[in-house]
Amino acid sequence: MHLYIHIPFCKQACHYCDFHFSTNTTQKRAMAEAIAREIVLRKSYLPDGDMETIYFGGGTPSMLDEAELHLLLDTVHRHFRVAPGAEITLEANPDDLNAASLSMFARAGINRLSIGIQSFHEPHLRFMNRAHTALEAKQCVKIAQNAGIDNISIDLIYAIPSENHDILHADLAQAFALNVPHISAYCLTIEPQTAFGSWLKKKKIKPIEEEYAAQQFEMLVGSLCGEGYEQYEISNFARNGRYSRHNSSYWKQHPYLGVGPSAHSYNGTTREFNVSHNAKYLDALQKGIIPATVETLTGADNTNEYLLTGLRTIWGVDLQKLHELSNGAFAAQHRRQLDGMIRKGWVREDSGTLRLTEAGKLFADRISSDLFID
Ligand code: SF4
């Protein structure tokens, strides 16, 4: 079993971000109390079993103070069996990390950090409106390692507009010098409901060129693999098998509970979506109501979800499982199309498992959606 806890606050809005958060933090303590209430109300959502991973995401969970973090983790421990050795991850921004906060996180039981570095290049950080400096980005990993947390992932963003690839090269060299076991690398995308989205509409910025993004992706994958990182999911790279156990559970369709505004949950038969609005969430939880929309999943939903997430991973997609989930519809609708993709060299089939080739990884989402069943 897996638990996601969404902390919907940030110091400032990054220009590219369309996650759910508020920069008004006056309700932060009330929010922690409401999420604790939701954890209690939701304790029967998942099948019985130990909680193997807990993930604080956001927003910016490193803005939680000690009392808020303890309230949430104590509530989890009181109402679930947390497995010995459970992976407990906290997403953190570099400007929140110092010796005091890191030792507080370690005392609370956080044993993995996912640090939103994004870039070590000051002008790129300013362009994206990140709250931290390049110096903080460089120093925070060492401070975390000194505090005894060595299971660290850093996030990087590529395809940030630039004249050439030198800045990405420098970002990668800096990342390798930090010697972290896990790196996530995401393409800069311009979403409509963001500052970048509105600037694009007003022609203040140009769209990200596909060719440039593809060149940066290929360069990044080559560099990371050359440094001993395994691309176990299109955007995720790990050394020595130190995969994100939490995120891997999503990609393998394991049941999980998500609490907090905008969090999703999945138990194999339904998917639930919490309201993406802090005041509405707080108000509902005060009345003992979980403000969620429930969707009952069909065979097609489960098949398409499995294709979308599974094809992006080294584990790939098992054809027999696709057959069972889709009740035979996958082969009936797409066998010929799949054979065409195999001939083009985008997908390969090994002993009943489909995996993307290096060429296929460049347009993974398109391949999956072309294979979706009705
Ligand atoms: S800190 Fe993270 S969640 Fe907050 S605005 Fe920036 S990218 Fe989005």
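Trainee: Helices (H or I, at least four residues) and strands (E, at least two) are DSSP runs, numbered from the N terminus. Where does Gly59 lie in that scheme?

Mentor: Gly59 is in the loop between E2 and helix H2, which covers 66–79. Before we go on: this is a predicted model, where local features need pLDDT of at least 70 and side-chain atom pairs count only at pLDDT 80 or more, while totals for chains, interfaces and linings use all residues. Residues are numbered from 1 along each chain as its sequence is written, and side-chain values use heavy atoms, with hydrogens and water left out.

Trainee: Got it. What about the peptide bond from Gly58 to Gly59?

Mentor: That peptide bond is cis, and its omega is near 20°.

Trainee: New topic: how many aromatic pairs does the structure hold?

Mentor: There are 12 aromatic pairs. Rings of Phe, Tyr and Trp (its six-membered ring) pair if their centres lie within 6.5 Å; planes under 30 degrees apart are stacked, over 60 edge-to-face, and the rest tilted.

Trainee: How do Tyr4 and Tyr55 pair up?

Mentor: Tyr4 and Tyr55 are stacked, with 6.1 Å from centre to centre and 20° between the planes. The pair links distant parts of the chain, since Tyr4 belongs to strand E1 (residues 2–7) and Tyr55 to strand E2 (residues 51–58), 51 residues apart.

Trainee: Is Tyr4 buried or exposed?

Mentor: Buried, with a relative accessible area of 14%. The word means under 20% relative accessible area; exposed is over 50%, and partly exposed lies in between (1.4 Å probe, protein chains only). Tyr55 is buried as well, at 6%.

Trainee: Which residues do ring pairs link into a cluster?

Mentor: Tyr232, Tyr243, Trp251 and Trp315 make up that cluster.

Trainee: Now charges. How many salt bridges are there?

Mentor: The structure has 21 salt bridges. For each one, a side-chain nitrogen of Lys or Arg is within 4 Å of a carboxyl oxygen of Asp or Glu.

Trainee: Which residue does Asp96 bridge to?

Mentor: Its partner is Lys11, and the closest N and O atoms are 2.7 Å apart. Asp96 is in the loop between strand E3 (82–92) and helix H3 (99–108), and Lys11 is in the loop between E1 and helix H1 (28–41), so the bridge ties together parts that are 85 residues apart in sequence. Asp96 is buried at 10% relative accessible area, whereas Lys11 is partly exposed at 43%.

Trainee: And what does Arg42 meet in a salt bridge?

Mentor: Arg42 meets Glu272, at 2.7 Å from N to O. This pair links places 230 residues apart: Arg42 in the loop between H1 and E2, Glu272 in strand E11 (residues 270–274). Arg42 is buried, at 3% relative accessibility, and Glu272 is buried too, at 12%.

Trainee: Where is Asp365's bridge to Arg312?

Mentor: That one spans 3.2 Å, N to O. Asp365 is in helix H15 (residues 364–371), and Arg312 is in the loop between helix H11 (299–310) and strand E13 (317–318).

Trainee: Which residues do shared partners join into one network?

Mentor: Salt bridges that share partners connect Lys28, Arg29, Asp65 and Glu68.

Trainee: Last one: what is the phi of Gln118?

Mentor: Gln118 is not a glycine, yet its phi is positive, about 70°. Gln118 is in strand E4 (residues 112–118) and is buried, at 7% relative accessibility. Ser351, also not a glycine, has a positive phi of about 45°. Ser351 sits in the loop between strand E14 (347–350) and strand E15 (353–356), and counts as exposed at 80%.
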